[in-house]
Every structure is written in structure tokens, then in C-alpha cells.
Amino acid sequence: EDVVLVGAGSVGALTMFVERTMTSALAQSSAFRYSIERCATAWVADGKTTTCPTTPQVPRAPAPLGPRADIIGLGGVRAGAKAHLKVRFELGDDLPQAAVGQATRLEFRIVAER
């Protein structure tokens with residue numbers, strides 16, 4: 001997803017807040033992990049994969065969702081520029097049987113600070 005900065009000024013820091021709005025055994029399992037990558041250019045989709053033409057930054061390596069809201073620093077954005085982000089969800093082989101067939105809901109909020 002692209003975060004587009006509209007306006008005249010630059011943003012010194014983007015922060016993403018991730019929290020559960022509906023929980024289940026799935027969201028509480030350490031087998032449910034997510035990561036965030038940021039690409040300097042637009043991501044390129046090629047069939048089933050999406051890749052960054054340059055080396056992506058990794059603001060969050062694959063890890064389970066924290067017990068409360070996760071707070072991830074995404075870096076700044078110049079005026080008129082875009083932050084090219086990719087959020088990836090993974091289910092590990094260690095997913096407990098109680099989490100199979102469960103659903104969860106996450107909320108992603110991005111806050112900009114000058």
C-alpha cells in the first residue's frame with residue numbers, strides 16, 4: 001500500500017499502530033506473524049509475488065502481534081512523495097489446532113509527525 005503525502009510540508013516520522021479489534025485463538029497464537037517492508041520505489045507485482053526493485057527497509061521483521069497495540073516507526077516522507085509499504089501475514093507450521101478456522105480483525109492506523 002502506498003501512503004501518499006498530500007500538502008506542502010515533509011513529514012519527519014510516520015508511525016503505524018496495529019491493534020486487534022476482534023480477537024481469537026488465531027490472533028493470540030505465536031504462529032500468527034506479520035512483517036512490514038518499505039520500498040524506495042513502487043512494488044512490482046509479478047503473478048503471485050510482489051517484490052521491491054531495490055533493497056527494501058524492514059521496519060518490522062516477522063513476529064507475533066504484541067499483547068496490545070504494536071507501534072512501528074516507518075521513517076519520514078518528503079513533500080509530494082509516497083511511502084511504499086508492504087504488510088505480510090504468515091501462519092507458521094506451529095499453528096495450534098484451536099486457531100484453525102478462527103478469524104481476527106486488525107486495525108492499522110498511520111500517524112504523521114513533522
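These legends describe close-up views of one predicted model.

**View 1. The whole chain, a predicted model.** Local features need pLDDT of at least 70, side-chain atom pairs count only at pLDDT 80 or more, and totals for chains, interfaces and linings use all residues. Residues are numbered from 1 along each chain as its sequence is written, and side-chain values use heavy atoms, with hydrogens and water left out. The chain holds one helix and nine strands. These are DSSP runs, numbered from the N terminus (helices: H or I, at least four residues; strands: E, at least two). Along the sequence the order is β-β-α-β-β-β-β-β-β-β. The C-alpha trace spans about 50 × 30 × 20 Å along its principal axes.

View 2. Of the 114 residues, 31% are buried (under 20% relative accessible area, with a 1.4 Å probe and protein chains only). Among contacts with a separation of 6 or more, 80% join residues 24 or more positions apart. Contact means heavy atoms within 4.5 Å.

**View 3. Charges of the chain.** There are 13 positive and 11 negative charges. Lys and Arg count as positive, Asp and Glu as negative; His and the chain ends are not counted. Each charge is placed at NZ of Lys, CZ of Arg, CG of Asp or CD of Glu.

**View 4. An open sheet of four strands.** The strand order is β1-β8-β3-β6, and the pairing is antiparallel. Strands β1 (2-4) and β6 (57-64) form the edges, each pairing on one side only. On average, neighbouring strands of this sheet are turned by 20° against each other, direction ignored. Axes here are lines fitted to C-alpha atoms. Two strands pair if DSSP finds at least two bridges between them.

**View 5. Strand β3 and its partners.** Strand β3 covers residues 32-39 and pairs with β6 in the antiparallel sense over four bridges. Tyr-34 has Ala-63 of β6 as its bridge partner. Strand β8 (residues 82-91) also pairs with β3 in the antiparallel sense, over eight bridges. Here Ser-35 stands opposite Arg-88 of β8. Seven of the eight residues of β3 are buried, so this strand is largely enclosed by the rest of the structure.

Key:
Buried < 20%, exposed > 50% of the residue type's maximum accessible area, 1.4 Å probe, protein only. Axes fitted to C-alpha atoms, helices over the stretch in contact; angles between N-to-C directions.
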